[in-house]
Amino acid sequence: MHISKHIFTSVLAWLSLSALAIAADTRLVSVTGMAPGDSADARAIAFADAMREAVRQGAGVDIVSESRVKDFQLESDKILSSAFGYVRDYTVTDSSLNVDGIYRVTLSAEVGRGSPDRHDTMALQNIVRTRGSPRVAVDIIELYEGVPGNPEYAANWLEEQARQSQMNLVQTALAQRQNDRLAAIDAQAGRDSERQLREALLGLDADIVILGKITSRYLGKDDVDGLYTTHRYSVSGELSAVQPDTGLMVARVVIPPRENISSRMSDPESAARDIVGKYLAGGSGNISGQTLFDRILTQWLIESDLGHIQRIEITGINDAALSNLQHELESEDAITGIWVRQFDADGLTILDLETRLDSTNLASRINRASGGTCTRYAGTGNFHQFNFTEPEQEELDEENSSPLSGLSGMSLGGIGLGLAVVAGVVFFLTRKKSST
């Protein structure tokens, strides 16, 4: 009994010392990251800037110079994946697009002082998993010259990678024809292409759909000293991650083409599968299929912590009404960022709003902020379509129907002054008469 009590006391002391050691090995810091608000990637850049500063203050390491990043804006995903090797946990305390045009993210982070986990991507995956992983669907167009049938080598590789990245894989097929999807994928910038993508992905029950095209050409086989045979291919491709409800691109990677990739697999079909896997896996530090998943995870994390971007399309709104709507929405505490992406008084005006409001409440706020002139008529998920209606002439007539409505401010002031003078004279005469 005495021995058991001694063991219990020793274990308790060890746990206490371990807790103190862990606490001593981490540091809690509060930092703010910034980015120009007019940048399309303002949120990602500001978030990465905050994480970089947290690691600098908490661990004494500048991960930008350490990873030799040349362009902070283009490499924010690399900065974030490196930062999560140090950051144990964090909480975003504030995020908004301020009146000075700067987007700011303030967060409190628990940062480890020691060397980071070498598996930065794994650390990122663990952080994302605590916040709920995205639902991902894969729809890749694969063209393999010299390989019969319709193989799905790249799709299978990407689906397996999605599982390993702790994402929820959605197994579903799109109903549209392949050529329609290919045309939409080939043009992914601008209003028309986003609409094409929305139509092509309509009804897909996923948060993210991975689109892309992998092209491979069989170059032949070589016998190596009569010992074995290799099959050679050239491969090229690009991959995109798109929100199906908005058509907005979350991430995109163009994997450098490779010539003369060889495989020792016995037949061309097996060799093609092996080579596509090698191509997508890339090499150390190279752009690869994993690069796309890292960018998906970081963007999903930003959406979870800073609020979703809701895309608003308004038909036929004029400049004055848009300015008024923007001013009213900026006063809403639940809307922390507004970006006017496109203005067309005769066509579509596009706004991106950062908010945690659900679809119903957001539509109600926009309708109220517009004075009832903007009405939601369609939408799904993070995409909403509104019609702008000019105030009815009858309403304007009612406002102007008051007997005094046609008088200017100066005329009304003169009438008021005249009435005051008359009242004063009457009061004076009444007092004079009563005194006599």
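1. A residue is called buried when its relative accessible area is under 20%. In this predicted model, Phe84 has a relative accessibility of 3% and therefore counts as buried. Tyr90 is likewise buried, also with a relative accessible area of 3%.

2. Five aromatic pairs turn up when the whole structure is searched. One of them joins Phe84 and Tyr90: the ring centres are 6.1 Å apart and the planes meet at 45 degrees, so this pair is tilted. Another is Tyr144 with Tyr153, whose ring centres lie 5.2 Å apart with the planes at 45 degrees, so this pair is tilted as well. Both Tyr144 and Tyr153 are buried.

3. Five strands make up an open sheet with mixed pairing, in the order β10-β11-β9-β13-β12. The edges are taken by β10 (335-342) and β12 (374-380); each has a single partner strand, so one side of each has no neighbour in the sheet. On average, and ignoring direction, neighbouring strands are turned by 25 degrees against each other.

4. Strand β9 (residues 308-315) and strand β11 (residues 348-355) run antiparallel and are joined by eight bridges. As one example, Ile314 has Thr349 in β11 as its bridge partner.

5. Helix α11 (residues 319-330) lies across β9, β10, β11, β12 and β13 (383-388). The helix runs at about 160 degrees to the edge strand β10.

Note on methods: Residues are numbered from 1 along each chain as its sequence is written. This is a predicted model: local features need pLDDT of at least 70, side-chain atom pairs count only at pLDDT 80 or more; totals for chains, interfaces and linings use all residues. Side-chain values use heavy atoms; hydrogens and water are left out. Rings of Phe, Tyr and Trp (its six-membered ring) pair if their centres lie within 6.5 Å; planes under 30 degrees apart count as stacked, over 60 as edge-to-face and the rest as tilted. Buried means under 20% relative accessible area, exposed over 50%, partly exposed in between (1.4 Å probe, protein chains only). Two strands pair if DSSP finds at least two bridges between them. Helices (H or I, at least four residues) and strands (E, at least two) are DSSP runs, numbered from the N terminus. Axes are lines fitted to C-alpha atoms, for helices over the stretch in contact, and angles run from 0 to 180 degrees between N-to-C directions. Contact means heavy atoms within 4.5 Å.
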